[in-house]
Amino acid sequence: MENRVPGDLSPVPEKIMSPTGSAHILVVEDEPKIAAALRDYLENSGFDTSYLERGDQVEDWLATHPVDLIVLDLMLPGLDGLELCKRLRAKTDLPIVIVTARVEEIDRLLGLELGADDYICKPFSPREVVARVKAILRRIRAVPGPGVPGIAMDEKTQRASVDDRNLDLSVVEFQLLKILVSQPGRIFTRSQLMDAMYADYRIVEARTVDSHIKKLRKKIATIVPDREVVFSVYGVGYRYEW
């Protein structure tokens, strides 16, 4: 009998080759049916998977088992998922996708503040989780350095350009764009962006970020008017996609 997240009626896909190769995904989830459904879909999409059901097992396990991405539940026995995410972020850039029933905005914001790369609320479709995992791994493997396709950034000269055309950014705008393009697709909260923009951690209003985003979009549009690259995420912040 096929394992699925309750309420999801989509068929388990046939085994296919993953576009990201045989990436190793760790599923940390204490509900066996949900964990089984995620593993079925991930494995049938070409991924290798491992499974842990307690948060306090993860750090020791990772010390001897390299993985490419973690799918992490928040409400775990032993160690809460948010605390685990915080600990992992202190020592690794390993991509983390949070899956949780805690849908309150404070949980969503806190998860992103602690460095989660994506956040999916239950109930969900396992296909959506697989799609998000693939997208994150594609972005990571497609970006070899500080530059990304479409935008080139020179830290020494504080110059950002598109197709060799200078965007003519201010210092603050350059810092804002740099943090956004450093992880395409990742949602950054306004407070994270403010910290990146101002080295002295001055106190500024959230709408200051919105103002700089507006100017940044306008400058990018003068060179590529048919492409939107900085997207608003309602109630959270902004993300960059080329």
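Colleague: What is the relative accessible area of E31?
Modeller: We're looking at a predicted model, where local features need pLDDT of at least 70, side-chain atom pairs count only at pLDDT 80 or more, and totals for chains, interfaces and linings use all residues. Residues are numbered from 1 along each chain as its sequence is written, and side-chain values use heavy atoms, with hydrogens and water left out. Buried means under 20% relative accessible area, exposed over 50%, and partly exposed in between, with a 1.4 Å probe and protein chains only. E31 is partly exposed, with a relative accessible area of 38%.

Colleague: Which residue forms a salt bridge with E31?
Modeller: A salt bridge needs a side-chain nitrogen of Lys or Arg within 4 Å of a carboxyl oxygen of Asp or Glu. Helices (H or I, at least four residues) and strands (E, at least two) are DSSP runs, numbered from the N terminus. For E31, the closest N and O atoms of the bridge are 3.5 Å apart, and the pair links distant parts of the chain, with E31 in the loop between β1 and α1 and its partner in the loop between β5 and α5. That partner is K122.

Colleague: How many residues apart are E29 and K122?
Modeller: The side chains of E29 and K122 meet in a salt bridge too, at 3.2 Å from N to O. This pair also links distant parts of the chain: E29 is in the loop between β1 (24-28) and α1 (32-44), K122 in the loop between β5 (118-121) and α5 (126-142), and they are 93 residues apart.

Colleague: What about K178, which residue does it meet in a salt bridge?
Modeller: K178 meets its partner at 2.9 Å, N to O. K178 is in helix α6, while the partner is in the loop between β6 (152-154) and β7, 23 residues apart. The partner is E155.

Colleague: Which residues do salt bridges with shared partners join into one network?
Modeller: The structure holds 15 salt bridges. Those that share partners make one network out of E29, E31, D73 and K122.

Colleague: Which four residues touch the most other members of the largest nonpolar core?
Modeller: A nonpolar core is a set of buried Ala, Val, Leu, Ile, Met, Phe, Trp, Tyr and Cys residues joined through side-chain atoms within 4.5 Å. The largest one has 27 residues, and the four that touch the most other members are L167, L177, L180 and L193.

Colleague: Which element gives this core its largest share?
Modeller: At least two residues each come from β7 (159-162), α6 (171-182), α7 (190-197), α8 (206-221) and β11 (237-240). The largest share is six residues, and it comes from α6.

Colleague: What is the relative accessible area of E173?
Modeller: E173 is found in helix α6. With contact meaning heavy atoms within 4.5 Å, and leaving aside neighbours within four places in sequence, E173 is in contact with D168, H212, K215, L216 and K219. E173 is buried, and its relative accessible area is 4%.
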